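Morning, everyone. Have a look at it first.

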Amino acid sequence: MSYKINTKCVQSGYTPKNGEPREIPIYQSTTFKYDTSEDMGKLFDLEAAGYFYSRLQNPTCDLVAAKITELEGGTAGMLTSSGQAANLFAIFNVCEAGSHLVASSSIYGGTFNLIAVTMKKMGIDVTFVSPDASEDELNAAFRDNTRAMFGETIANPALTVLDIEKFAKVAHAHGVPLIIDNTFPTPVHCRPIEWGADIVTHSTTKYMDGHGSCVGGAVVDSGKFDWMAHADKFPGLCTPDESYHGIVYAEKFGQGGAFITKATAQLMRDLGCAQSPQSAYYLNLGLESLHLRIARHYENGLALAKFLNDHPKVKTVTFPHLEGDKYYELAKKYMPDGGCGVVSFEVEGGRPAAEAFMKKLRLIAIETHVADARSCCLNPATSTHRQLTDEQLEAAGIPAGLIRLSCGIEDAEDLIVDVAQALE
Ligand SMILES: Cc1ncc(COP(=O)(O)O)c(C=O)c1O
């Protein structure tokens, strides 16, 4: 029986049997006990399914990963300690020293640094492409050693919308998977796998947790990418792993299981970015109301974007689902029921006006966060990008008067009243 997405948010991942706890149990244990060393040996050899050490796998984390996997429509999934770790694992599972990645330039700054600076030090090269690039331009970015393509459904903070079908078509023409960070719309509003994405990642720290309580991440495999058909490109999946008894992941675990098994058995074992079972429990509480919250976040975002769009003290408003936005058509195509609650806008008067505006806010807090139940905002020029001059900010497409506002799930009227009085 396949349930609707709202039901999956509430019920997927964990179905208690007769007499078992209704609530997902927290297995607060680093280790697990066995009757014989043979039993444990089978786990180490990946001959039997089970748990031996919570750095690799923990039952609570797996139940929550199973829910996110169902929400995205994938075949296997895993939790990670953060969204950064999720993107690192997704990319590093197919790329190695000497590999090349094609990535959208419109992505979260932390991911940009991960790819452009840290992965470069690991020997992985990158070509950034505009999210608006034509098919020809995208094709031109590929090389013989390209191993993956990467982008964000709705990018943080630029709020560009990725043409997932176009990116998937080009990635597949070059025999590599498309990895999509789907943090902002969540699977309630967009399921990239349905549009051709192969791997989906999340910063669960954002809407999935939804209450600003736990940092976390997730990786989901669609099970659709045929690794063996491109075995020369993906030796890590298609040739024996000497660090794991010569296992060939794509042979032993098939198309649906190879990617996540390798990421768990190899990357989690060696890099150890595991999510704690306690955090996974909180994440599940967030997921149980995700469908209700994301709808309200979006409604509030749209209401505020419309208000700002008509305001004389506001120069520009960016919200993909606002009619007239550059990404309106793509937003409607990929997210017919709505996107997320993040709006960005530029006030007349630059940096001093933005600072004065934010000082006057009563309900909306100043934070470096987005995507939790309480509305918050920041002015990049005086916070995340304060080392840049006004001229450098303009060049980077971040005007000094720009404010990024993450609408929470309060009453839209109260948010508008707060913004209105601060603008006055
Ligand atoms: C789209 C996106 N991906 C990844 C991350 C990184 O996630 P985390 O902060 O959980 O490491 C963020 C954080 O803001 C994000 O917005």
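Start with the ligand. Its shell holds 13 residues, and N156, D181, S203, T205 and K206 come nearest. Near here means a heavy atom within 4 Å of the molecule.

Ground rules. This is a predicted model: local features need pLDDT of at least 70, side-chain atom pairs count only at pLDDT 80 or more, and totals for chains, interfaces and linings use all residues. Numbering runs from 1 along each chain as its sequence is written, and side-chain values use heavy atoms, with hydrogens and water left out.

Now the polar contacts, meaning pairs of N or O atoms within 3.5 Å. A polar side-chain atom of K206 sits 2.8 Å from a ligand oxygen. For N156, a side-chain N or O atom is 2.8 Å from an oxygen of the ligand. G83 uses a polar backbone atom, 2.9 Å from a ligand oxygen. How much of the ligand does the protein bury? 90% of the 390 Å² that the ligand exposes when taken alone. Those areas are Shrake-Rupley, with a 1.4 Å probe.

What about the make-up of the shell? We have 1 nonpolar, 9 polar and 3 charged residues.

On to the domains. The assignment, automatic or from a database, gives domain 1 as 5–285 and domain 2 as 290–423. Their centres, over C-alpha atoms, are 29 Å apart. Contact means heavy atoms within 4.5 Å. By that rule, 33 residues of domain 1 touch 31 of domain 2.

Key. Polar contact = N/O pair within 3.5 Å; in protein donor to acceptor, adjacent residues only side chain to side chain. Nonpolar A, V, L, I, M, F, W, Y, C, P; charged D, E, K, R; others polar.
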